[in-house]
Amino acid sequence: MHRADPTPYWNTNVARHPGILRAVPGGCVDALDVGCGDGLLARKLAGRAERVTGIDRSPRMISRARELAADDPRLIFVEGDFLTTGLPDEGYDFVCSVSTVHHMDFEAALMRMRELLRPGGTLVVVGLAREETLAEWAATIAAAPVVRITKVLRRAREPKGMPVAVPRMGYGQVRATARRLLPGVRYRRHVLRRYSLTWRKPGRAGT
């Protein structure tokens, strides 16, 4: 079993974990967490899937994830770029990614996640985008007091060594691109400055 994290933490990414866990399909065998960081979400997913793979480009994050998941055979952590690392096509019933896709080419990332999903599998992406319209700025400004108060009350913090990047795409671009690449995707913008994409890959004909 994995070790308990001696320094549990909360932040606006962790706030999305309950929704992600609810989206895991029943009977999930293989799950993949893209940009797994220190493996916090992957460890939670191990309660919903038989096997969980976490992948991240940061050696420091993967080292920490492996340390915290020591002796748990359900968890595998891979250091590398998920776009080029040899993960199996149609190898996962569930694929998720939290605040990672803005570090890479968004379209390439969604296409690769789509390829990695088994037919009938579920994809959940939580990401960051930038405000480009007056309506988007208005929504951000209106939510700002809630965001600040929530972060203070929950003592929000990031794990040490977590890579950061400024999002290049606007919310509208994200929504339009996702709808083009993932027909039927459900897009939501959340109060704590995140958006989410939830998509179920069509099953094979006759199944």
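Colleague: In what order do the elements of the chain run from the N terminus on?

Modeller: This is a predicted model, and in it the order is α-β-α-β-α-β-β-α-β-α-α-β-β.

Colleague: How many helices and strands is that?

Modeller: The chain has six helices and seven strands.

Colleague: What is the average pLDDT of the chain?

Modeller: It averages 87, and 83% of the residues score at least 70.

Colleague: Which elements have the lowest and the highest mean pLDDT?

Modeller: Helix 5, residues 134-153, is the lowest with a mean of 65. Strand 1, residues 30-34, is the highest at 98.

Colleague: Changing topic. How many of the residues count as buried?

Modeller: The chain has 207 residues, and 48% of them count as buried.

Colleague: What about contacts between residues at least 6 apart in sequence: how many join residues at least 24 apart?

Modeller: Of those contacts, 73% do.

Colleague: Now a single residue. Where is Arg16 found?

Modeller: Arg16 lies in the segment before helix 1, and that helix covers 17-23.

Colleague: Which residues does Arg16 touch, not counting those up to four places away in sequence?

Modeller: With those left out, Arg16 touches Val126, His190 and Arg194.

Colleague: How far apart are Arg16 and Leu41 in space?

Modeller: From C-alpha to C-alpha they are 9.9 Å apart, with a separation of 25 residues in sequence.

Note on methods: Residues numbered from 1 in each chain as written. Predicted model: local features only at pLDDT ≥ 70, side-chain atom pairs only at ≥ 80, totals over all residues. Heavy atoms only, no water. pLDDT = per-residue confidence, 0-100. Helix = DSSP H or I, 4+ residues; strand = E, 2+ residues; numbered from the N terminus. Buried < 20%, exposed > 50% of the residue type's maximum accessible area, 1.4 Å probe, protein only. Contact = heavy atoms within 4.5 Å.
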